[in-house]
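Please look at the sequence and the structure below, and keep both at hand while reading.

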Amino acid sequence: MIVAILMPFLIAMCIPFISKFKHRIHTGYAVLATSLSIFLYFLVLLISGETDTLYRYSWIPSLGLDLTFYTDGLALFFALLISGIGALVAFYSIFYLSREERLGSFYVYLLLFMGAMLGIVTSDNIYALYTFWELTSVSSFLLISFWFTRKASTDGALKSMLITFLGGFSLLGGLVLLHLVTGSTSIREIVTQGDLILANDWFPLIVVLLLLAACTKSAQFPFHIWLPDAMEAPTPVSAYLHSATMVKAGLFLLLRFTPVFRESEAFFIAVSIIGLVTLFWGSYMAVKQTDLKGILAYSTISQLGMIMAMIGYGTEAAIFAAIFHILNHATFKGSLFMAVGIIDHETGTRNIQKLGGLWKLMPVTGIISILASFSMAGVPLPILNGFYSKEEFFTSSWNLSGDRAFGSDFAALLANIVPYAAVAGSIFTFVYSMYFYFRTFTGKAEKTTAEKAHDPKLGMLAAPVLLVSGVLLISIFPNWFSRHLLQPAANAVYGEAMKEHTIHFWHGFVPALIMSLIVVVLGILFYSTRKYWMGLYNILPGKLSGNIVYTSLLSASENQTKKLNDRIVSGSIRQYNAIIISVISIVTLLVLFGTNSFDLSNIDTSPVSLPQSLPELAVALIMIAAAFGSTVSQKKLTAVIILGVVGYGLSILFVLFRAPDLALTQLSIETITVVLFLLCFRHLPEMKQERKEKTSKKITNIIIASLCGLMMMLVGLAAYSQRLFPAISDYFVKYSYKLGGGDNIVNVILVDFRGLDTLFEITVLAIAALGIYSLIKLRQKGGDR
């Protein structure tokens with residue numbers, strides 16, 4: 001398991017070297033092989049029945065830190081989706097992206113995202129889940145801004161990062177509260193303590209925080225505004241992140257914690273309303289778009305809203321329908337994004353007003369599009385998987401008031417309204433699906449389009465053909481997928497085994513079928529009369545838009561930040577140092593006095609007695625004199641040498657107090673410091689013979705220096721006087737030789753007992769060295785970045 005999770009990260013580290021040979025063999029083949037290997041691994045787990053299995057890997061045993069991954073039905077369902085769609089996207093990108101593109105960077109970002117998503121769906125530790133969650137935001141930012149020379153790409157990436165990072169902080173808060181309430185970091189253990197969580201006073205805040213995280217990630221109203229702008233990413237990115245994987249992370253989060261929340265009426269009310277509003281608003285706004293990817297972006301928002309609403313229902317039928325539609329949506333929406341990529345690639349435009357008549361010019365792409373778009377619309381045909389899950393949605397909406405009991409009148413009223421809201425949102429889903437297909441593929445093609453358009457080579461068609469084949473296979477064998485894939489996932493979400501769910505195309509004239517027919521009839525009517533009611537968009541949304549709010553907030557924050565920056569960043573190094581030292585000193589002193597950090601009775605210093613202590617006193621007096629001398633010196637060389645006296649004096653004190661290791665370290669540091677000062681001697685500013693400063697500035701300098709000195713003295717006293725815990729020095733003395741095998745206690749502490757600290761310090765130095773090396777190389781090449 002650990003190999004499957006880490007494989008994308010390991011291959012990502014190899015991609016920069018593999019991409020050097022991209023003109024011989026496309027870099028995407030390495031990603032394709034990685035994705036297929038991971039997909040086959042999880043497929044074997046599913047077939048062999050290895051579900052509900054915990055994989056624990058010891059990481060830092062001494063600290064009790066382990067890596068834990070859990071593969072239940074839900075985790076396997078999402079892992080297969082992530083790796084399977086990832087393989088198809090990688091294959092598609094081989095023919096979509098030119099070898100002249102920055103393939104190394106693209107595939108590194110793609111693999112980072114894949115690994116992060118696999119980590120989210122398989123992690124059992126809440127903090128590991130959060131870490132992977134944030135990594136998806138970072139990697140998606142890099143993917144959206146891949147064409148960073150386009151302003152729209154960088155703006156879209158920034159918007160997605162700001163909104164999803166807001167959700168990330170919210171997620172961290174919610175997970176911390178869950179940890180505090182349950183005392184566990186294991187997701188499996190947390191979901192078994194639902195009663196404890198529901199009864200806790202923190203429960204409403206936990207729901208709000210987790211719901212905010214899910215809504216920002218899964219583009220729910222009003223946080224949906226980032227998704228349309230993210231369509232500036234290359235089409236393989238849109239097909240992968242924004243239809244099948246990343247936007248499903250928020251849904252996964254709610255599904256994972258559904259066993260805890262599904263009995264809560266507050267959860268039902270909030271999630272159902274958010275989902276239904278998002279369903280309606282996304283489908284309504286999709287009809288207005290003229291960019292093909294814009295239509296698909298808003299259609300994704302509406303489909304995610306529908307799934308969100310079903311999660312909110314919390315019934316067996318609704319949860320099964322939500323899982324079913326997640327699978328179906330990945331097949332038809334992924335193939336539609338790839339079809340749009342083909343259209344853009346072959347015609348040079350995604351503007352639907354410049355397209356038309358592509359059926360005759362691109363028949364294979366047309367077949368892919370009609371099957372996928374009609375499935376998305378929920379057209380009642382037995383070969384379209386979208387109809388099956390849409391009917392499950394209608395069934396769960398219609399039966400909601402009877403499938404669960406409600407304790408409040410508002411919740412009961414909402415349950416009765418839900419079916420009508422579901423139909424209203426689905427009508428516009430039908431409209432934008434018809435709009436997408438017929439406006440693009442029927443009618444008469446423009447002359448410029450007719451000259452360019454044709455179906456691409458088989459390589460680019462293979463991935464969307466396989467995805468749309470999934471639409472057909474799922475609709476032909478729905479119960480096979482239900483039994484082996486959907487039912488185990490739904491059981492994991494519900495928290496207990498559900499009754500076996502049988503899927504049929506024909507159930508008779510049941511309410512769900514009638515609701516579907518209403519959607520089709522009204523959808524055809526609305527589509528046919530579209531030009532007569534398009535003026536409605538001038539009223540709703542009119543000038544109101546979430547983008548306006550986002551732009552206003554971003555602009556206001558930039559303006560306020562600029563004002564604050566201009567006030568603080570004046571170019572005066574003295575002012576910077578004064579502010580930093582003052583704040584640190586004041587805050588530290590307040591904390592020290594506010595927490596009673598002194599216990600002078602505990603101070604047990606070495607006695608000062610003459611003549612034994614005479615050498616120490618003499619060195620101390622010399623250091624004090626040198627410190628004062630450096631402040632009044634009028635020459636640069638003299639100031640540097642006098643300042644060095646202070647450091648060398650400290651080394652002598654270490655020797656006198658029998659600490660040769662510290663003395664050698666201090667000698668090395670002081671020597672390097674003095675040498676660096678002397679090397680930079682000619683670049684140092686000239687010291688004026690007479691310093692003409694205002695009396696107020698001198699007084700300020702004295703106050704700041706005194707504060708800093710007082711702080712350092714009191715910190716030393718507080719650290720030495722307050723013995724809140726037994727001294728660890730006795731442990732080091734006792735076990736340095738026994739456990740570390742070294743006679744030198746300091747060396748053993750640095751290498752063995754504090755090995756991680758030393759490792760991280762070395763890592764920081766290595767990173768700094770790489771940064772300096774990169775800057776030098778850029779300078780040599782004439783780069784300006």
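In this predicted model, Arg262 has a relative accessible area of 11% and is therefore counted as buried, since buried means under 20% relative accessible area. The side chain of Arg262 meets that of Glu263 in a salt bridge, with 3.1 Å from N to O. Glu263, by contrast, is exposed, because its relative accessible area is 54% and the cut-off for exposed is over 50%.

Arg262 also forms a salt bridge with Glu496, where the closest N and O atoms are 3.8 Å apart. This second pair links distant parts of the chain, for the two residues are 234 residues apart. Glu496 lies in the loop between helix 24 (478-494) and helix 25 (511-528), while Arg262 lies in the loop between helix 13 (258-261) and helix 14 (265-286). With a relative accessible area of 45%, Glu496 is partly exposed.

Another salt bridge joins Arg350 and Asp291, whose closest N and O atoms are 3.0 Å apart. Arg350 is buried at a relative accessible area of 18%, whereas Asp291, at 29% relative accessibility, counts as partly exposed.

Through salt bridges that share partners, Arg262, Glu263 and Glu496 are joined into one network. The structure holds nine salt bridges, and the table lists the pairs described here.

| Salt bridge | N to O distance |
|---|---|
| Glu263 and Arg262 | 3.1 Å |
| Glu496 and Arg262 | 3.8 Å |
| Arg350 and Asp291 | 3.0 Å |

We now turn to the nonpolar residues. Which members of the largest nonpolar core touch the most other members? They are Phe42 and Tyr313, in a core of 198 residues. The largest share of this core, 18 residues, comes from helix 16, which covers residues 316-347. If residues up to four places away in sequence are not counted, Phe42 touches Met1, Ala4, Ile5, Leu76, Ala79, Leu80, Leu118 and Thr122.

Methods
Residues are numbered from 1 along each chain as its sequence is written. This is a predicted model: local features need pLDDT of at least 70, side-chain atom pairs count only at pLDDT 80 or more; totals for chains, interfaces and linings use all residues. Side-chain values use heavy atoms; hydrogens and water are left out. A nonpolar core is a set of buried Ala, Val, Leu, Ile, Met, Phe, Trp, Tyr and Cys residues joined through side-chain atoms within 4.5 Å. Buried means under 20% relative accessible area, exposed over 50%, partly exposed in between (1.4 Å probe, protein chains only). Helices (H or I, at least four residues) and strands (E, at least two) are DSSP runs, numbered from the N terminus. Contact means heavy atoms within 4.5 Å. A salt bridge is a side-chain nitrogen of Lys or Arg within 4 Å of a carboxyl oxygen of Asp or Glu.
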